[in-house]
Number of protein chains: 2
Amino acid sequence: MNPRSAPDRLLSVLAAFDQDHTALSLTDISRRAGLTLTTAHRLVGALTAWGALERDASGTYHVGLRLWEIAALSPRGLALRQLALPYLEDLYEATHENVQLAVRDGHEVVYTEWLSGRSSVGVHIRVGARWPLHVTGVGLVLLAHGTPELQESYCTGPLTSFTPHTVTDPARLRRLLADVRRAGFAVSDRQVTDDALSVASPVRGPGGEVVAAVSVVVPEQGAQVAVLAPAVRVAARGISRALGWRPPGRAACGP
Amino acid sequence: MNPRSAPDRLLSVLAAFDQDHTALSLTDISRRAGLTLTTAHRLVGALTAWGALERDASGTYHVGLRLWEIAALSPRGLALRQLALPYLEDLYEATHENVQLAVRDGHEVVYTEWLSGRSSVGVHIRVGARWPLHVTGVGLVLLAHGTPELQESYCTGPLTSFTPHTVTDPARLRRLLADVRRAGFAVSDRQVTDDALSVASPVRGPGGEVVAAVSVVVPEQGAQVAVLAPAVRVAARGISRALGWRPPGRAACGP
């Protein structure tokens, strides 16, 4: 196969857009996608005609509404989020703190929902943001419930440090993951920034497999984990039930 | 140009997915995209390798997380929605009714956010859903604030009827649009279903142009428009301010 097949070239135009590059000129796109200006012009034209890109009055390109509509069908993106939203809203109403939904992609978490609370913490995460698994509450949950192979390859890989509190020792991380499985929730205490703490709990699919995680992020100062954890767990279980999960070991009582 | 250029063929694979077709087999995709099985196989492979599609254990394809992440950068999709969400949440907390955010695409509204309220109305709209402009509250707002050319072409086109209350008379629709501009909000009274009413108000960009609309949908029985309209207007103005809009005619007072 051609190392830059036609599909790859077209997709490289879409991949030119990221959180730091949401508005691009044709020249930007050709440079970031590694395409000649002629090829970029042709592909951008096709994507714009279709609605995957939109061109504003100044000639700058943005991601278009039609791509968003199709992406809204993603079961792990908006579809999960839409099903989870009432439970996230309830968690928000109960705590008035920052509430998140996240899924795992490889060695990272991707935030698929973020409801902003009243307290501002020094964390600027937005929908679509990615973080390494070992630093956030949702990441610890998704890592703790990943396959043994995932956990082993993750723990033996480089563990990036963001603050003096980030756990970067493999043995300590393994103990932390065991605690997460035992407790049913994870706490990330100032592992991302110096002032924030998050509490997270797993969302399970029909077969009991962990498919996502829910969390709240609060200022570490005055954070009450014992108060937050039950609320987060109830929300996560509510979403799990909506997905078809049933708690194990509770046999239905006969008449 | 080839009527089915390489970009068009690839995009036709994505377009095979819609709200009624969120999970497709390779055969489904080839049929819906009008491609041979061989071509579909090659393109689906490229899209899956890139992350635009995901294949589950049963071999069925879904829209993938990576497409969703890029689509999250769409200024009229998730970016607007993310900025608007706190105001939509406030409107939800104040009313506990179904709250929506929508933008216009041609002659249709596209719902980009939907918070579900306590009351169930016979309207099943989800994020990404489309409706003709003349039937919903948000559609009436976006049509009323469209260009004269849009309004004229819309009003002289076919006006689909959904209920006996749907306004399908062009002259009546024009009067309704004038009322919407004068009042600052639109009411769709049982125009979509027999039992639902929506109240909508415009969201403006920095230059005063209407870029989106906010609404609540309630059961028509017992709906209090006089109570809902101010709340919807306040939420819409809040989002407008967050977008950089300032109300006209209020000169800053000098010292």
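Two strands count as paired if DSSP finds at least two bridges between them. With that in mind, welcome to this predicted model, where strand S3 (residues 98-105) of chain B is joined to strand S8 (residues 210-219) of chain B by five bridges.

- S3(B) and S8(B) run antiparallel, and they belong to an open sheet of six strands in the order S5-S4-S3-S8-S7-S6 (chain B), with antiparallel pairing.
- At the edges you will find strand S5 (130-132) and strand S6 (186-189) of chain B, each pairing on one side only.
- On average, neighbouring strands of this sheet are turned by 30° against each other, direction ignored.

**Helices across the sheet**
- Helix H6 (residues 137-144) of chain B lies across S3, strand S4 (108-115), S5, S6, strand S7 (196-204) and S8 of chain B.
- The angle between H6(B) and S7(B) is about 35°.
- Helix H9 (residues 225-242) of chain B lies across S6, S7 and S8 of chain B, and runs at about 30° to S7(B).

**Where the chains meet**
- Chain A brings 43 residues to the contact, and chain B brings 43 residues.
- Elements giving two or more residues to the side of chain A that touches chain B include helix H1 (6-15), helix H3 (37-50), helix H5 (75-95) and strand S3 (98-105) of chain A.
- H5(A) supplies the largest share of that side, eight residues.
- By class, the side of chain A that touches chain B has 27 nonpolar, 10 polar and six charged residues.

Note on methods. Residues are numbered from 1 along each chain as its sequence is written. Chains are lettered from A and ligands numbered from 1 in the order in which they are written. This is a predicted model: local features need pLDDT of at least 70, side-chain atom pairs count only at pLDDT 80 or more; totals for chains, interfaces and linings use all residues. Two residues are in contact if their C-beta atoms, placed from the backbone, lie within 7 Å. Helices (H or I, at least four residues) and strands (E, at least two) are DSSP runs, numbered from the N terminus. Ala, Val, Leu, Ile, Met, Phe, Trp, Tyr, Cys and Pro count as nonpolar, Asp, Glu, Lys and Arg as charged, and the others, Gly among them, as polar. Axes are lines fitted to C-alpha atoms, for helices over the stretch in contact, and angles run from 0 to 180 degrees between N-to-C directions.
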